[in-house]
Amino acid sequence: MRRHRVGTSLYAGVLFVVLGMLAWASGQPFIFPSLGPSAFILAFQRDGDRTGLVSVVASHLIGSVAGLAAYSLLAGGVSLVADPTAFSAAGLRLVASATLSIVVTSWGMIATDTVHAPACATTLIVSLGLLSTPLQVAVIVAGVAVLVAFHALVLSAYHRATDASRTGPVDG
C-alpha cells in the first residue's frame with residue numbers, strides 16, 4: 001500500500017511539472033487551485049477510460065464558462081482578494097455570483113454526464129473574480145486539456161512499454 005501512495009504522490013507531481021513549466025514560461029495561470037485535485041484523481045485512478053478523461057476537461061470547461069457568466073452578470077469588477085465588508089453590496093454580489101455558478105456548473109455536469117467535483121472549485125475561482133477574464137478562463141481550460149493530454153500520453157507510453165516487455169503464451 002505504501003508504494004501506491006508514493007507512486008501516486010510522485011506522479012501527481014510529474015503531471016504538475018508540465019503545467020508549472022508552461023505557467024513559468026508564459027506568465028499565464030496554467031496552475032490554479034482546482035487543478036491539484038484533478039491531478040490527484042488522475043494519478044490515483046491512472047487507468048480511467050477515455051470517457052473519464054474527456055469528462056475532466058468538459059467539467060472544467062462547464063465550470064469555467066458558468067463562472068465567467070455568473071461573474072460577468074452579477075459581480076463584474078469585484079474580486080475576493082480581501083474579506084468583503086459585512087453586509088456590503090460587493091460581498092452580496094460575490095455570494096450571488098458564486099451561488100449561481102455552483103448551480104449552473106452542477107446542473108451542466110449532471111446534464112452532460114461529465115461529473116468531476118474539482119470543476120466546482122474552478123467555477124468558484126472564476127465567479128469570485130480570482131481568474132475572471134476571458135483570457136484567464138481560456139488558460140484554465142487549456143491547462144486542464146494539457147494536464148489530461150499529458151496524462152493520456154504517459155499512460156499510452158506506459159502501456160506500450162509494459163505490453164512489449166511481457167513474454168509468455170499468446171492467446172489464440
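## Exercises on a predicted model

Helix H4 covers residues 89-112, and its 24 residues reach 34 Å from the first C-alpha to the last, close to the 34 Å expected at 1.5 Å a residue. Keep in mind that this is a predicted model.

**Exercise 1. Find which residues of H4 are buried, and look at how they are placed along the helix.**

Step 1. Apply the cut-off: buried means under 20% relative accessible area.
Step 2. The residues of H4 that pass are Gly91, Leu94, Ser97, Ala98, Ser101, Thr105, Gly108 and Met109.
Step 3. Recall the geometry: an α-helix has 3.6 residues a turn, so residues three or four places apart point the same way.
Step 4. Now move just past the end of H4, where Asp113 takes a positive phi of about 55 degrees.

**Exercise 2. Compare the UniProt "transmembrane region" records with the model.**

Step 1. The unreviewed UniProt entry lists residues 51-74, 86-110 and 137-158 under this name.
Step 2. Take residues 86-110: the span is 88% helix and 0% strand, with its end C-alpha atoms 34 Å apart.
Step 3. Take residues 137-158: here the end C-alpha atoms lie 32 Å apart, and the span is 100% helix and 0% strand.

**Exercise 3. Work out where Ser34 sits, whether Ser34 is buried or exposed, and what Ser34 touches.**

Step 1. Locate Ser34 in the loop between helix H1 (2-26) and helix H2 (35-44).
Step 2. Its relative accessible area is 1%, so Ser34 counts as buried.
Step 3. Leaving out residues up to four places away in sequence, Ser34 touches His60, Pro118, Ala121, Thr122 and Ile125.
Step 4. With Thr122, the side chain of Ser34 also makes a side-chain polar contact of 2.4 Å.

Technical notes
Residues numbered from 1 in each chain as written. Predicted model: local features only at pLDDT ≥ 70, side-chain atom pairs only at ≥ 80, totals over all residues. Heavy atoms only, no water. Helix = DSSP H or I, 4+ residues; strand = E, 2+ residues; numbered from the N terminus. Expected span 1.5 Å × (residues − 1). Buried < 20%, exposed > 50% of the residue type's maximum accessible area, 1.4 Å probe, protein only. UniProt positions renumbered as here; feature names shortened; annotations may be inferred. Polar contact = N/O pair within 3.5 Å; in protein donor to acceptor, adjacent residues only side chain to side chain. Contact = heavy atoms within 4.5 Å.
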